[in-house]
Amino acid sequence: MAVHKLSLEPALSALRAAGESTRLRILALLSGRELNVKDLTQILGQSQPRLSRHLKLLSEAGLIERFREGSWVFFRLAEGTPEALLAEAIVAGLDRDDPVLQLDAARATAVQKSRAEAAQNYFKAHAKEWDRIRSLHVAEDQVEQAMIDALGRGPFDLLVDLGTGTGRILELFAGKADRALGFDVSHEMLSYARMKLEGAGLAHAQVRHGDLFHLPLADGEADAVVLHQVLHFLEEPALAIAEASRVLEPGGRLLIVDFAPHELEFLREEQAHRRLGLASEQIGRWCADAGLDLKSHHDLAPAGSGDESKLTVSLWLAEKASVGAAGEKPNSAAKDGAASSVEEAAA
């Protein structure tokens with residue numbers, strides 16, 4: 001989509017907002033990273049009220065954008081607007097070898113490292129639990145390849161990952177999406193995911209604090225949504241599927257990855273699983289109720305699939321229904337990779 005150019009008055013307003021030393025430093029710091037007010041006070045050595053005023057001016061001028069994550073507010077360079085293009089041009093014109101900017105960058109790295117260490121400590125504390133579950137099913141690389149095959153090559157304008165956790169799914173599909181957005185309710189997991197994405201240089205892949213039943217997205221804003229190992233934690237999975245359908249555009253795709261029905265009670269007792277797997281028939285009904293057509297179903301059974309102590313991973317691909325003037329649903333062949341009919345689960 002073409003971005004309109006700035007008229008004279010908004011351009012002058014944006015340039016006035018950027019035309020101050022601290023605000024220029026803030027723009028440089030927010031290039032390719034997300035920081036909150038506390039981070040910026042540590043990096044710039046200025047008081048919170050003073051920095052809040054600078055951030056307010058930059059935000060009002062459209063050069064940066066803010067988003068809330070619980071009690072914290074994060075900032076990043078604006079995107080997709082004429083003001084955003086101006087902000088990028090200003091930052092690109094700065095000499096990154098300038099001693100002031102170099103010191104700011106070094107302090108930002110130290111702040112992010114401290115935050116990353118806290119996130120990694122949380123991750124390590126739970127790693128044994130996740131490793132135990134992973135040992136019960138086929139290797140993650142097999143699951144991920146099956147996900148890529150199911151969702152298709154894209155490209156996707158906006159891919160949304162619900163219950164993003166470590167942000168791994170955003171990493172996996174970052175090369176297939178112009179923009180990737182993950183939502184989670186865990187601040188610790190968001191910190192870890194943000195660290196991973198920033199470390200990988202994936203500025204177009206971002207994470208947000210959010211309830212997957214009430215997403216801060218407009219109807220039809222996304223063309224791909226992923227629910228990876230999320231539904232078995234929920235009391236009402238149908239509502240999550242309905243919300244995913246709401247934010248999908250007509251012809252958009254929903255990929256669900258979860259466990260097939262099993263009898264491993266320890267997952268309910270020790271890992272807070274609300275459901276011991278999900279039946280394909282139930283997924284199909286939930287999708288139909290949400291206005292989605294179930295296009296494919298595929299099971300990844302572990303070696304020795306008769307072993308009841310192992311888990312089968314299931315993948316379901318659904319498409320947002322749309323009725324045209326002739327009553328036919330649109331052909332989505334332009335985005336390659338989806339199966340054309342529902343496959344039977346492997347025996």
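Analyst: Helix α3 (residues 37-44) packs against helix α4 (residues 48-60) at an angle of about 110°, and their axes lie 10 Å apart. Here axes are lines fitted to C-alpha atoms, for helices over the stretch in contact, and angles run from 0 to 180 degrees between N-to-C directions. The two helices, α3 and α4, are therefore roughly perpendicular to each other, a label for angles of 65 to 115 degrees. Their crossing is right-handed, that is, the near helix is turned clockwise from the far one by less than a right angle. On the α3 side the contact has Val37, Leu40, Thr41 and Leu44, which meet Gln48, Leu51, Ser52 and Leu55 in α4; contact means heavy atoms within 4.5 Å. Five of the residues in this contact of α3 with α4 are nonpolar, three are polar and none is charged. In that count Ala, Val, Leu, Ile, Met, Phe, Trp, Tyr, Cys and Pro are nonpolar, Asp, Glu, Lys and Arg are charged, and the others, Gly among them, are polar.

Please keep in mind that this is a predicted model: local features need pLDDT of at least 70 and side-chain atom pairs count only at pLDDT 80 or more, while totals for chains, interfaces and linings use all residues. Residues are numbered from 1 along each chain as its sequence is written, and side-chain values use heavy atoms, with hydrogens and water left out. Helices (H or I, at least four residues) and strands (E, at least two) are DSSP runs, numbered from the N terminus.

Now to helix α12 (residues 280-289), where Ser280, Ile283, Trp286 and Cys287 are buried, meaning under 20% relative accessible area, with exposed over 50% and partly exposed in between (1.4 Å probe, protein chains only). Among the elements covering the buried residues of α12 are α10 (237-247), β8 (248-259), β9 (292-300) and β10 (313-320). Gly291, with a positive phi near 80°, follows α12.

His262, in the loop between β8 and α11 (265-271), counts as buried at 11% relative accessibility. Leaving aside residues up to four places away in sequence, His262 touches Leu267, Leu276, Gly277 and Leu311. Gln229 sits in the loop between β7 (222-228) and α10, and its phi is positive, near 50°, in a residue other than glycine.

Technical notes
Parallel < 35°, antiparallel > 145°, perpendicular 65-115°, else oblique.
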